[in-house]
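I opened this entry to look up how two chains meet and what the record says about them. My notes follow in the order in which I checked things.

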Amino acid sequence: MKALYIASTGMSAQERNVEVISNNIANMRTTGYKRQRAEFEDLLYQQVTRAGAQTSDQGTMVPAGLEIGSGVRTVSTPRVMSQGSVNITERELDVAIRGEGFFMITLPDGRTAYTRDGSFERDAEGTLVNSSGYPVEPNITIPGTATSVSISPDGLVQAYLNNETIPTQLGQLQLARFVNKSGLESMGDNLFLETAASGPAQVEIPNQDGTGNLLQNYLEMANVNSVTEIADLIAAQRAYEMNARIISGADSMMQATSQLR
Amino acid sequence: MIENAQLISLSRQIALQRQMDVVANNMANINTTGFKAENLLFEEYVMPVARDQNFPTINQPLSYVQDWATMHDMSGGAMVQTGNELDVALNGTGFFAVQTGAGERWTKAGSFQISSNGTLVDINGNPVLGEGGPIQFGPEETGILIASDGSVSSSAGPKDRLRLVEFANAQDLTREGNNLFAGGTPLAATNTRAMQGFVERSNVSGVSEMAEMIRVTRSYESIASLTQKQDELRRSAIQRLGDANA
């Protein structure tokens with residue numbers, strides 16, 4: 001009796017689904033978070049009778065085969081990389097990306113990580129860092145005498161130094177693009193890493209060659225929609241229960257068999 | 001005579017177990033994108049010669065039950081809006097064509113991705129076919145649009161058109177797992193529209209599968225109790241015969 005095992009694959013798939021949904025809901029307020037979606041596939045089929053098998057010498061054929069599936073599996077949890085809504089924060093070092101692209105962050109081990117979270121800060125030396133204190137790539141240092149830092153849609157960082165009337169250029173923010181951004185590896189802390197599946201990063205100036213533009217004083221919110229997540233959660237929970245019912249149904253059939261004497 | 005009855009019950013029990021497997025597989029795939037439910041068909045298998053031949057009248061044919069085929073239920077699943085530009089649902093009877101190591105396969109699961117070298121692929125990494133082969137995107141292209149006839153365009157202008165296929169008889173198709181169908185004679189799709197930003201959910205109905213499961217378990221139990229009664233009947237018959245001889 002395969003039904004027991006088949007239904008158990010269904011239960012574990014729904015369990016995985018609930019895990020993905022709960023992580024989305026937990027990150028509903030995480031800046032730049034991109035929601036994930038669990039993708040499922042059916043498993044191999046046992047071909048009891050193949051469609052098209054010959055049934056007589058006259059060449060008659062089986063019109064439809066007899067196929068018994070063996071359940072379901074979770075294939076992947078790709079991220080949905082759609083734009084999150086942008087909210088005004090009125091902090092001059094908050095930057096949202098409107099469109100494609102990721103900010104680049106230098107990790108303490110020297111690697112580059114990618115993020116959509118543009119809530120930047122200044123460290124003690126005035127270097128532009130992310131909320132974990134890792135420097136933004138390329139490095140931008142804002143002197144202590146700077147007043148009113150401005151970041152243009154093209155990523156140009158300017159500030160007025162020593163009460164001068166002409167702004168000084170401090171640096172140029174760049175964005176990385178990937179052919180397959182769903183293939184990025186999530187490392188937590190709002191950071192992603194490049195993988196063989198994502199393809200190499202293509203570094204561009206914002207607003208050029210398909211990259212998005214920057215919005216100073218704004219942050220990109222998570223692209224999680226609480227209503228759809230809750231609806232998906234209910235569907236997953238019910239599907240779990242129905243698979244559990246199949247197991248108890250299969251069990252009662254086995255019980256009927258075992259009580260035969 | 002009783003032995004015949006038991007063999008007939010047994011044929012039904014085996015068929016019911018298999019039907020339970022089909023119900024379980026449908027239920028397990030209730031959240032699988034583009035999954036199509038299966039139904040099991042039964043037929044009567046007439047055995048011309050009964051195994052016990054001492055009927056008072058002429059020989060009676062016996063009717064066994066045999067599971068005969070699984071039918072793909074090709075009705076459409078619910079269309080769910082995801083807003084993802086690479087999610088495509090098919091409204092109609094058509095399928096997407098994908099290239100696998102074993103040849104062309106057909107799928108209804110339109111949650112696509114772009115691979116690291118820019119090819120449009122399905123969730124397993126198989127290239128999705130256009131009229132002129134796999135569909136390729138450059139690294140700087142944005143704004144991918146898929147029109148209702150399957151034509152693909154991006155910021156770099158119009159591209160290929162998705163190869164959408166239909167089948168005169170979808171029951172010819174065999175299932176391969178991984179959301180793929182194989183076989184059949186593909187025809188160019190005429191009644192299928194692509195919808196970008198949507199995925200087609202599985203067409204499994206939880207209610208009807210649950211009802212089916214209850215029906216299967218109950219008939220299995222009643223067959224089992226019938227088998228039990230036949231056994232008791234036989235036992236008491238043997239006892240009576242033994243008494244008479246003593």
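I counted two residues as being in contact when they have heavy atoms within 4.5 Å. With that cut-off, chain A puts 65 residues into the contact and chain B puts in 65 residues. I note here that the model is predicted.

**Confidence.** I looked up the scores for the complex and found an ipTM of 0.80 and a pTM of 0.85. For chain B I read a mean pLDDT of 87, with 93% of its residues at 70 or more. I keep in mind that where pLDDT is low, the predicted coordinates should not be read in detail.

**Area.** The size of an interface is often given as the accessible area lost when the parts come together.

How many salt bridges does the rule find across the interface of chain A and chain B? I got 1 salt bridge. It joins the side chains of Arg37(A) and Asp87(B), at 2.7 Å from N to O.

**Chain A side.** I then asked which elements of chain A give two or more residues to the side that touches chain B. The helices are H1 (3-26) and H2 (226-258). The strands are E1 (39-42), E2 (45-49), E3 (66-69) and E4 (72-76). H2(A) supplies the largest share of this side, 13 residues. Sorted by class, the side of chain A that touches chain B holds 30 nonpolar, 21 polar and 14 charged residues.

**Record.** I checked UniProt for domains; the entries are unreviewed. In chain A, UniProt places "Flagellar basal body rod protein N-terminal" at residues 4-34. I computed 74% helix and 0% strand over residues 4-34 of chain A, with the end C-alpha atoms 36 Å apart. UniProt also places "Flagellar basal-body/hook protein C-terminal" at residues 216-260 of chain A. Residues 216-260 of chain A are 73% helix and 9% strand, and their end C-alpha atoms are 76 Å apart. For chain B, UniProt lists "Flagellar basal body rod protein N-terminal" at residues 9-36. Residues 9-36 of chain B came out as 71% helix and 0% strand, with 31 Å between the end C-alpha atoms.

Conventions:
Residues are numbered from 1 along each chain as its sequence is written. Chains are lettered from A and ligands numbered from 1 in the order in which they are written. This is a predicted model: local features need pLDDT of at least 70, side-chain atom pairs count only at pLDDT 80 or more; totals for chains, interfaces and linings use all residues. Side-chain values use heavy atoms; hydrogens and water are left out. A salt bridge is a side-chain nitrogen of Lys or Arg within 4 Å of a carboxyl oxygen of Asp or Glu. Helices (H or I, at least four residues) and strands (E, at least two) are DSSP runs, numbered from the N terminus. Ala, Val, Leu, Ile, Met, Phe, Trp, Tyr, Cys and Pro count as nonpolar, Asp, Glu, Lys and Arg as charged, and the others, Gly among them, as polar. UniProt positions are given in the numbering used here, feature names are shortened, and annotations may be inferred rather than shown by experiment. pLDDT is the predictor's confidence in each residue, from 0 to 100.
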